[in-house]
Amino acid sequence: MIPLVLMAVALGITQALDNGLARTPPMGWLSWERFRCNVDCEKDPENCISERLFKKMADLMVSEGYRDAGYTYLCIDDCWAAMEREPNGSLVADPKRFPSGIRALADYVHAKGLKLGIYGDFGRKTCGGYPGSEFYLQQDAETFASWQVDLLKLDGCQSEPTDDDIGYPVMEFYLNRTGRPILFSCSWPVYQMEHNMTTNYTSVAHTCNTWRNYEDIQDSFDSVLDILDFWGNNSGDFLNLTGPGSFSDPDMLIIGNFGLSPGQERIQMGMWALLAAPLYMSVDLRSIRRESKELLQNKRVIALNNDKLGYPARRVLHAGRFQVWRKMLSTPGAYALGVVNSSDEGCPTC
């Protein structure tokens, strides 16, 4: 779109992302996979997208040891906003579901030693139909900063993928200009992939702290394997641009939900660690199984994920349902191996 092109030229956006964040893969909790766009607080007050839900998850992240294990970002996904902007153009949280407002929620989260993430969309509307940031990039960046937000997940529904090469760097510019360190999570590559476009991963890595480049994970092992296959193929050689400050994101951890067996949960946790992936849980922490909780807090696996080299594993062998992955580590000469056997023959509960 011409206005964005002119804006990009006028601002002289040429420098890389420089916010000092995500030197290791970020970790936290994100609402989408488990709670989706449930806004019916009258019929389902315990599970709807509301400040009540996020405060409870923040409480549990602290009391149940997740914060101390490294999970520090509490992330609101889509459907938090009112359906219309304020008369001055500002975004505003739904007043019934977030009566105290986002700034008050941020204060609550920060008081617990956590950070708050929020969701936006580069397009006219979000995927759930709420106001998007098209033509409001600067105002929305300033709004998020004024709310003391620590992370922005910027989606790309109802936008033109051809505009993403300009729009995401523009938002990065405005986020940096606020002076507040806001981790920038982009969905830039995934929408270009869906339209069979070639993504400039160098630009993506220079703009975004984390970047989704494949479709949403679903609560199933087939979905996990599909994502692993995409990472194994490494089309576009995006893994060479993954590292400290900018990590490719295979999407949320679905550990503790309904679709994975205990063995399959171990595969997702281990492989996400090998891939140097952001670790965003999307699970109801009020009812998570003990085994799933212990896996999510496994210190050795988290240490592997957080290795300061930030090197994502490469698939070095793929024979049927058997895979071997290799990850270089920061210790000279050291590396980690991951062996995945996705066959369930003879082991229905693995």
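## Aromatic pairs and surface patches

Under the ring-pairing rule, with centres within 6.5 Å, the count comes to 17 aromatic pairs. One of the pairs is formed by Y168 and F184, whose ring centres lie 6.3 Å apart with their planes at 35°, so the pair is classed as tilted. This pair links distant parts of the chain, since Y168 belongs to helix α7 (residues 164–177) while F184 belongs to strand β5 (residues 183–186), and the two are 16 residues apart. Because its relative accessible area is 0%, Y168 counts as buried, and F184 is likewise buried, with a relative accessible area of 1%.

A further aromatic pair, that of W211 and F238, is edge-to-face, with 6.4 Å from centre to centre and 85° between the planes. Here W211 lies in strand β6 and F238 in the loop between α10 and β7 (247–249), so the pair ties together parts that are 27 residues apart in sequence. W211 is buried at a relative accessible area of 0%, and F238 is also buried, with a value of 0%. Both residues are members of a cluster in which ring pairs link Y201, W211, Y214, F230, W231 and F238. All of this describes a predicted model, and the geometry should be read accordingly.

The two pairs are set out here for reference.

| Pair | Centre to centre | Angle between planes | Class |
|---|---|---|---|
| Y168 and F184 | 6.3 Å | 35° | tilted |
| W211 and F238 | 6.4 Å | 85° | edge-to-face |

Turning to the surface, which residues form a nonpolar patch there? The patch consists of L309, M328, Y335 and L337, which together have about 370 Å² of accessible area. Within this group, Y335 is found in strand β11 (residues 335–341), and Y335 counts as partly exposed because its relative accessible area is 45%, a value between the 20% limit for buried and the 50% limit for exposed.

A charged patch is also present on the surface, where E194, E215, D222 and D226 gather in a patch of negative charge. Of these residues, E215 has its place in the loop between β6 (210–212) and α10 (221–233). Is E215 buried, partly exposed or exposed? With 39% relative accessibility, E215 counts as partly exposed, and because patch members need over 30% relative accessible area, this value is in keeping with the place of E215 in the negative patch.

Technical notes:
Residues are numbered from 1 along each chain as its sequence is written. This is a predicted model: local features need pLDDT of at least 70, side-chain atom pairs count only at pLDDT 80 or more; totals for chains, interfaces and linings use all residues. Side-chain values use heavy atoms; hydrogens and water are left out. Patches are made of residues with over 30% relative accessible area and no salt bridge: like charges are joined within 9 Å, nonpolar side chains (Val, Leu, Ile, Met, Phe, Trp, Tyr) within 5 Å. Accessible areas come from the Shrake-Rupley method with a 1.4 Å probe; for residues, only the protein chains shown count as cover. A salt bridge is a side-chain nitrogen of Lys or Arg within 4 Å of a carboxyl oxygen of Asp or Glu. Lys and Arg count as positive and Asp and Glu as negative; His and the chain ends are not counted. The place of a charge is taken as NZ of Lys, CZ of Arg, CG of Asp or CD of Glu. Helices (H or I, at least four residues) and strands (E, at least two) are DSSP runs, numbered from the N terminus. Buried means under 20% relative accessible area, exposed over 50%, partly exposed in between (1.4 Å probe, protein chains only). Rings of Phe, Tyr and Trp (its six-membered ring) pair if their centres lie within 6.5 Å; planes under 30 degrees apart count as stacked, over 60 as edge-to-face and the rest as tilted.
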